[in-house]
Amino acid sequence: MQTQLTWYGQSAFKIITPAGNVLLVDPWLTNPVYDRGKDEIANLNRVDLILVSHGHSDHIGDAVEIGKRTRAKLVATFDLSAAMTSVLGYPSELASTDTTGHFGGTLKLLDGEVAVTFVPAWHGAGVAKDENLPPYFGGNPSGLIIAIRRGPTFYHTGDTDLFSDMALVSRYSKIDVMLVCIGDHFTMGPNRAADAVKLVAPRMVIPMHYGTFPLLTGTPEAFDHELKQRGVRAELRVMKVAETITISG
Ligand SMILES: [Zn+2]
């Protein structure tokens, strides 16, 4: 079997590996552009890992509910993991040191089929239990390198601005698929995102974190234009919400 990737809108993805392991990344399935989120959560019988890039609610999303029901292990940086267990109630036995790491380190997971490396992102990371109260400390926000054995290596940027050290990601891991935020306002817009793709030089690029709210004005069309202006060779693959694609290794 080849690796399958599903986009749920915003920065939420499901990855099914060649061995059948199921990963969720930033699992906000009940977002405004995916109307079947509740049903999809109810139908998720197997989830092995939930990866979260940072503590904002549009990225933690439905992680706690899904984790409690499926017993998925939480993959996050140390401080985010601590906040999600102590503040939000993610089961602490599912957030042990084997799935908790920090920047620059690589976690070997699921008998080595999946390797996750935390890399920096320029953003905020407060964890809110209640929107009316001050947020809890959630550490620094991250991007995630997800390398699948006999499958592709993904770079999920999380929410971030462009920064030149993104180029270092490809020095250690050749990136097949870059999942990049393009929505503007809270993250890079299309022009800065196109520069980020140029730095990373992936085989394929999939835009995310746009169109969910009116404020996120970046569009795939503008992103495409910016990529072409820079002569970026990566294949642009614009996914529809709830679409699943197969990706070779
Ligand atoms: Zn966000």
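Is Phe 213 buried, partly exposed or exposed? With a relative accessible area of 31%, Phe 213 is partly exposed, because that value falls between the 20% limit for buried and the 50% limit for exposed. Keep in mind that you are looking at a predicted model.

**The chain as a whole**

- If you follow the C-alpha trace along its principal axes, it spans about 50 × 45 × 35 Å.
- Of the 249 residues in the chain, 56% are buried.
- Among contacts with a separation of 6 or more, 64% are between residues 24 or more positions apart.

**The zinc site**

- Four residues coordinate the zinc ion: Asp 58 and Asp 159 through OD, and His 59 and His 209 through NE2, at 2.1 to 2.2 Å.
- The angles among the four donor atoms run from 89 to 173°, and the site is irregular.
- You can find the donor residues in the sequence by their spacing, D-H-x99-D-x49-H.
- His 59 sits in helix 2 (residues 57–60), while His 209 is in the loop between strand 12 (204–208) and helix 7 (220–229), so these two histidines tie together parts that are 150 residues apart in sequence.
- His 59 is buried because its relative accessibility is 0%, which is under the 20% cut-off.
- His 209 is buried too, at a relative accessible area of 1%.

**Aromatic pairs**

- There are three aromatic pairs in the structure.
- One of them joins Trp 7 and Tyr 210, whose ring centres are 5.7 Å apart and whose planes meet at 25°, so this pair is stacked.
- Distant parts of the chain are linked by this pair: Trp 7 belongs to strand 1 and Tyr 210 to the loop between strand 12 and helix 7, 203 residues apart.
- Trp 7 is buried, with 3% relative accessibility, and Tyr 210 also counts as buried, at 12%.
- Another pair, Trp 28 with Phe 213, is tilted, with 6.0 Å from centre to centre and 35° between the planes.
- Trp 28 lies in the loop between strand 3 (22–25) and helix 1 (37–43), and Phe 213 in the loop between strand 12 and helix 7, so the pair ties together parts that are 185 residues apart in sequence.
- What about the burial of these two partners? Trp 28 counts as buried at 15% relative accessibility, whereas Phe 213, our opening residue, is partly exposed at 31%.

- Thr 3 is part of strand 1, which covers residues 3–7.
- This threonine is buried, with a relative accessible area of 1%.
- Leaving aside residues up to four places away in sequence, Thr 3 touches a list of residues that includes Ile 15, Ile 16 and Pro 18.
- Also touching Thr 3 are Ile 148, Gly 151, Pro 152 and Phe 154, along with Ile 245, Thr 246 and Ile 247.

Note on methods:
Residues are numbered from 1 along each chain as its sequence is written. This is a predicted model: local features need pLDDT of at least 70, side-chain atom pairs count only at pLDDT 80 or more; totals for chains, interfaces and linings use all residues. Side-chain values use heavy atoms; hydrogens and water are left out. Donors are N, O and S atoms within 2.8 Å of the metal (3.2 Å for Na, K and Ca); water is not among the atoms, so sites may look incomplete. Four donors count as tetrahedral if all angles lie between 85 and 135 degrees; four count as square planar and six as octahedral if opposite donors are over 155 degrees apart and all others between 65 and 115; anything else is irregular. Helices (H or I, at least four residues) and strands (E, at least two) are DSSP runs, numbered from the N terminus. Buried means under 20% relative accessible area, exposed over 50%, partly exposed in between (1.4 Å probe, protein chains only). Contact means heavy atoms within 4.5 Å. Rings of Phe, Tyr and Trp (its six-membered ring) pair if their centres lie within 6.5 Å; planes under 30 degrees apart count as stacked, over 60 as edge-to-face and the rest as tilted.
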